[in-house]
Amino acid sequence: MAGLRLAHAVRRRWWWLRWRLLGRTVRGCRVLVFDSEERLLLIRHSYGKPHWTLPGGGIGRGEDILAAAAREVHEECACRLIEVMALGEGDDVADGLHQVHLVAGWTCDTAMADGREIVAARFFALTELPEPLSEKLAARLPGYLTRAKAARAVRLG
């Protein structure tokens, strides 16, 4: 775990240097994952703050946003996504360094933390979200849920 914390600190510094020196943004995704009961998947990282947040991660150069979201969720939680849809850019990063895409998907799988980067992964009823929840996520989650439900309704038409 200490190694992951150190790697996270180094990675954050590298992102800042890359942006400052090369003007390149870091592309990433956050994923709203729902199960058959419409519960939301939340995770806790082994590094950083010990709060619950959405799964997600980096998008490789040239990688499709939906493919990256599905890959990240599978790597972190062993869940395969179905009905994956882009919801647009997230509104949680305004620093010019990060470009975060919001994605929604559904799964029939049971969430299992990878035990390295992710120490906990569970589905929660929307009326019974855990504490502590990431402050940014707590503030933005109602809007994210509205976007996901509207996109799914349009898709199911």
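**Notebook: a first walk through the chain**

I began at Glu75, which sits in helix H2, residues 65–77. The model I am looking at is predicted. I looked up the cover over this residue: Glu75 has a relative accessible area of 44%, so I noted it as partly exposed. Ile118 is 43 residues away from Glu75 along the chain, and their C-alpha atoms are 9.6 Å apart.

**Stepping back to the whole chain**

Next I wanted the layout. I counted three helices and six strands, and going along the sequence I read them as α-β-β-β-α-β-β-β-α. The chain has 157 residues, and 39% of them count as buried.

**Into the cores**

Which residues touch the most other members of the largest nonpolar core? I found Leu32 and Leu42, in a core of 19 residues. I then listed the elements that each bring at least two residues to this core: strands E1 (26–34), E2 (40–45), E4 (82–89), E5 (98–106) and E6 (118–124), along with helix H3 (135–156). H3 contributes the most to this core, namely five residues. A separate core has 18 residues, and I jotted down Ala68, Ala69, Val73 and Cys79 as being among them. A reminder to myself: nonpolar side chains in soluble globular proteins tend to be buried together.

I came back to Leu42 for a closer look. Beyond its neighbours within four places in sequence, Leu42 contacts a list of residues including Trp52, Leu54, Ala120, Phe124, Leu133 and Leu137. Pro130 and Arg122 are also in contact with Leu42.

Where is the cis peptide bond I noted? It joins Glu131 and Pro132, with omega at about -10°. Pro132 belongs to the loop between E6 and H3.

I also looked up positive phi values. Ala78 is not a glycine, yet its phi is positive, about 65°. I placed Ala78 in the loop between H2 and E4. Is Ala78 buried or partly exposed? Its relative accessibility is 30%, so Ala78 counts as partly exposed.

Glu83 is another residue other than glycine with a positive phi, near 50°. I found Glu83 in strand E4. Glu83 has 28% relative accessibility and therefore counts as partly exposed.

How values were computed. Residues numbered from 1 in each chain as written. Predicted model: local features only at pLDDT ≥ 70, side-chain atom pairs only at ≥ 80, totals over all residues. Heavy atoms only, no water. Helix = DSSP H or I, 4+ residues; strand = E, 2+ residues; numbered from the N terminus. Buried < 20%, exposed > 50% of the residue type's maximum accessible area, 1.4 Å probe, protein only. Core = buried A, V, L, I, M, F, W, Y, C linked by side-chain atoms within 4.5 Å. Contact = heavy atoms within 4.5 Å.
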